[in-house]
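Please look over the sequence and the model shown here before reading on. The report is meant to be read beside them.

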Amino acid sequence: VDRDMIDQDIDRHQEIWIESVKSYALSHGILDAYEYLKHKTRGKVLKRKDLLERITSLPLTKREKQECLSFCGHRVNPYPQKIVAEAIQKAKKLVSI
């Protein structure tokens, strides 16, 4: 596996992070995140600055934008795991009621 080539491809195609950005935005109450991001990104090749623009244009707090950006750019995206962990905690609370 050529990890350098993979890193280069990720750098050239920041659109791979849009699904994570959408999930993050939805979980933070931005109900139209799918439509907004679809309109702004579908069929486009995004550079890092384009991804930054999409994230900073979302109605999130500064801290939330920074957290969202932190998921974008690593080989492993921790955000889906975080969503599942939060769902498990909520389910446990419901069961204990």
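What follows describes the overall fold, the nonpolar core and the cysteines of this predicted model.

The protein chain has six helices and zero strands, so its elements, read along the sequence, follow the pattern α-α-α-α-α-α. Of its 97 residues, 30% count as buried, and the accessible surface of the protein chain comes to about 6800 Å², with 58% of that area belonging to carbon and sulfur atoms. Among contacts with a separation of 6 or more, 60% are between residues 24 or more positions apart.

The largest nonpolar core has 18 residues, and those with the most contacts inside it are V21, I30, L51, I55, L58 and C72. At least two residues of this core come from each of α2 (18-27), α3 (33-41), α4 (48-56) and α5 (62-71), and α2 gives the most, with four residues. Leaving aside residues up to four places away in sequence, C72 touches W17, V21, R48, L51 and I55.

Which cysteines are in no disulfide, and how far away is the nearest cysteine sulfur? A search of the whole structure finds zero disulfides, and the table gives the values for C68 and C72.

| Cysteine | Nearest cysteine sulfur | Distance | Relative accessible area |
|---|---|---|---|
| C68 | C72 | 5.1 Å | 1% |
| C72 | C68 | 5.1 Å | 4% |

Technical notes: Residues are numbered from 1 along each chain as its sequence is written. This is a predicted model: local features need pLDDT of at least 70, side-chain atom pairs count only at pLDDT 80 or more; totals for chains, interfaces and linings use all residues. Side-chain values use heavy atoms; hydrogens and water are left out. A nonpolar core is a set of buried Ala, Val, Leu, Ile, Met, Phe, Trp, Tyr and Cys residues joined through side-chain atoms within 4.5 Å. Buried means under 20% relative accessible area, exposed over 50%, partly exposed in between (1.4 Å probe, protein chains only). Contact means heavy atoms within 4.5 Å. Accessible areas come from the Shrake-Rupley method with a 1.4 Å probe; for residues, only the protein chains shown count as cover. A disulfide is a pair of cysteine sulfur atoms within 2.5 Å.
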